[in-house]
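User: I would like a close look at one part of this model. Please keep it brisk and give the cut-offs as you go.
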Amino acid sequence: MAGSLSQLSNVGLVEHGDRAVVEEHSNGIRILEILVELERRSLHLEQGYSSLFDYCTRRWRYSSSKAGRYIAAARAM
């Protein structure tokens, strides 16, 4: 990927970065929606995880801080 990025023009690289950020935001919102539904159904427990935090850190391999932020945001929704 790094090699292909080095081939982009300055304008192309900025546009590529802008698209990546939009995709990241869309994916983040989708993850929040999934977490809300996982918790509503208690699927994390059914899957053998002791908590939604345990699910995020062990199954999805999120850091503790990232898992905490996503869970807090999902619950605020």
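In which helix do Arg30 and Glu33 both lie, and how many residues apart are they?

Analyst: Arg30 and Glu33 both lie in helix 2 (residues 10–41). They are 3 residues apart, about one turn of the helix. Helices here are DSSP runs of H or I with at least four residues, strands are E runs of at least two, and both are numbered from the N terminus.

First, the ground rules. This is a predicted model, where local features need pLDDT of at least 70, side-chain atom pairs count only at pLDDT 80 or more, and totals for chains, interfaces and linings use all residues. Residues are numbered from 1 along each chain as its sequence is written, and side-chain values use heavy atoms, with hydrogens and water left out.

Now the pair itself. Arg30 and Glu33 form a salt bridge, with their closest N and O atoms 3.1 Å apart. The term requires a side-chain nitrogen of Lys or Arg within 4 Å of a carboxyl oxygen of Asp or Glu. Side chains of opposite charge can pair when their charged atoms come close. Glu33 has a relative accessible area of 37%, so it is partly exposed. The scale calls a residue buried under 20% relative accessible area, exposed over 50% and partly exposed in between, using a 1.4 Å probe and protein chains only.

The whole structure holds 5 salt bridges. Another of them joins Glu37 to Arg41, at 2.8 Å from N to O. Both residues are in helix 2, 4 residues apart, about one turn of the helix. Glu37 is partly exposed, at 26% relative accessibility. A network of salt bridges links Glu37, Arg40 and Arg41.

Helix 2 also has a bridge to another helix. Arg75 pairs with Glu39 in a salt bridge, the closest N and O atoms being 2.6 Å apart. Arg75 lies in helix 5 (residues 64–76) and Glu39 in helix 2, so this pair ties together parts that are 36 residues apart in sequence.

The axes of helix 2 and helix 5 come within 9 Å and cross at roughly 75 degrees. Helix 2 is therefore roughly perpendicular to helix 5. Axes are lines fitted to C-alpha atoms, for helices over the stretch in contact, and angles run from 0 to 180 degrees between N-to-C directions. Under 35 degrees counts as roughly parallel, over 145 as roughly antiparallel, 65 to 115 as roughly perpendicular, and the rest as oblique.

Helix 2 supplies Gly28, Ile31, Leu32, Leu35, Val36 and Glu39. Helix 5 meets them with Tyr70, Ile71, Ala73, Ala74 and Arg75. The residues of this contact divide into 8 nonpolar, 1 polar and 2 charged. Contact means heavy atoms within 4.5 Å. Ala, Val, Leu, Ile, Met, Phe, Trp, Tyr, Cys and Pro count as nonpolar, Asp, Glu, Lys and Arg as charged, and the others, Gly among them, as polar.

Helix 5 also packs on helix 4. The angle is about 135 degrees, with the axes 9 Å apart. Helix 4 and helix 5 are therefore oblique to each other. Leu52, Phe53, Cys56 and Thr57 of helix 4 make the contact with Ser64, Ala67, Gly68, Ile71 and Arg75 of helix 5. That contact divides into 5 nonpolar, 3 polar and 1 charged residues.

Next, the burial of helix 4. Its buried residues are Leu52, Asp54, Tyr55, Cys56 and Thr57. Their cover includes helix 2, helix 3 and helix 5. Asp54 is found in helix 4 (residues 52–59), and has a relative accessible area of 12%. Leaving aside its neighbours within four places in sequence, Asp54 is in contact with Tyr49 and Arg59.

Two loop residues deserve a check on backbone angle. Most residues other than glycine have a negative phi. Ser42 has a positive phi, near 55 degrees. Ser42 sits in the loop between helix 2 and helix 3 (43–46), and is partly exposed at 32% relative accessibility. Arg61 is exposed, with a relative accessible area of 72%.
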